Amino acid sequence: MTKTVCSQVDPFYFHYPAGATIITSHADDRDNAMAVAWHTAISREPPYYLISISPKRYTHKLVARTGEFVVNFMPMEQGKLVALVAGCSGRYVNKFDAFKIAAQPGSRVDAPVLADALAAYECRVVGRHTYGDHDLFVGEIVAVQWDAAVFTSDGWLDIERARPIVYLGEDRYATAAEAVLLDREVLVRSALGTRP
């Protein structure tokens, strides 16, 4: 495959697709929601999850002040909601009222869990670091909520039932279409000619 080489990084979309999540927070008796595509798990034990937010964002202020957030993993059917919460600031719009967002209280944090999320991680901030124009908030996952109807009996997300939304950059979204099991141990043994 031939590659194009450039020294200017923009457009900065080569790392997509990424899961499109909605980060929820709560402060001053008000809930807030923000779409975030820069996020990842960083530790299994203890369970840490990282989100990246610009200090310009209203959610940044809320998460920094309360030390809590919820990562809501959304289905494609909620793509319009993801785009709506991405398109305006909670400083000026009460998104839960304006967009009629259905939610329930977190079980271990004050931030809400979205009713239509496939799954949600309730997190308490254990670290914050600035890199460039964003801050990384590391949250310890203190509770998980999920919709059992879109997961298999052994805990894997059922791609066909769940249809998770992914972000492609610049207001473009897609959904995961297929799940394939590639057993790395079997593949390595086969490639190296060793017996299972």
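Reader: Why is Cys 123 called buried?

Author: The model is a predicted one. In it, Cys 123 has a relative accessible area of 0%. Buried means under 20%, so Cys 123 is buried.

Reader: What makes Cys 88 partly exposed?

Author: The relative accessibility of Cys 88 is 25%. Partly exposed covers the range between the limit for buried, under 20%, and the limit for exposed, over 50%; Cys 88 therefore counts as partly exposed.

Reader: How many disulfides does the structure hold, and what would qualify as one?

Author: The structure holds zero disulfides. A pair of cysteine sulfur atoms would have to lie within 2.5 Å to qualify.

Reader: What share of the protein chain counts as buried?

Author: Of its 196 residues, 38% count as buried. The accessible surface of the protein chain comes to about 12300 Å², and carbon and sulfur atoms account for 53% of that area.

Reader: Why is Lys 100 called exposed?

Author: Its relative accessible area is 71%. Since exposed means over 50%, Lys 100 is exposed. Lys 100 is placed in the loop between helix H3 (95–98) and strand E7 (103–105).

Reader: Where is Arg 163, and what is its phi?

Author: Arg 163 lies in the loop between helix H4 (159–162) and E11. Its phi is positive, about 45°, although Arg 163 is not a glycine. With 32% relative accessibility, Arg 163 counts as partly exposed, because the value falls between the 20% and 50% limits.

Reader: Which peptide bonds to proline are cis, and where are the prolines?

Author: Among them is the bond from Tyr 16 to Pro 17, with omega near 15°; Pro 17 is found in the segment before E1. The bond from Glu 45 to Pro 46 is cis as well, with omega near 0°. Pro 46 lies in the loop between strand E4 (39–43) and strand E5 (48–53). Most peptide bonds are trans.

Reader: What makes E1 and E12 edge strands?

Author: The open sheet has the order E1-E11-E12, with antiparallel pairing. Strand E1 (18–19) and strand E12 (172–175) each have a single partner strand, so one side of each has no neighbour in the sheet.

Reader: Which strands pair with E10, and over how many bridges?

Author: Strand E10 (residues 134–146) is joined to E5 by six bridges, the two running antiparallel; Asp 135 in E10 is the bridge partner of Ile 53. Strand E9 (residues 119–131) pairs with E10 over 12 bridges, also in the antiparallel sense, and there Glu 122 stands opposite Ala 143.

Reader: What lies between E9 and E10 in their hairpin?

Author: Two residues lie between these strands, and Gly 132 in the turn has a positive phi of about 60°.

Definitions and conventions: Residues numbered from 1 in each chain as written. Predicted model: local features only at pLDDT ≥ 70, side-chain atom pairs only at ≥ 80, totals over all residues. Heavy atoms only, no water. Buried < 20%, exposed > 50% of the residue type's maximum accessible area, 1.4 Å probe, protein only. Areas by Shrake-Rupley, 256 points an atom, 1.4 Å probe, with all protein chains shown as cover. Pairing = 2+ DSSP bridges. Helix = DSSP H or I, 4+ residues; strand = E, 2+ residues; numbered from the N terminus.
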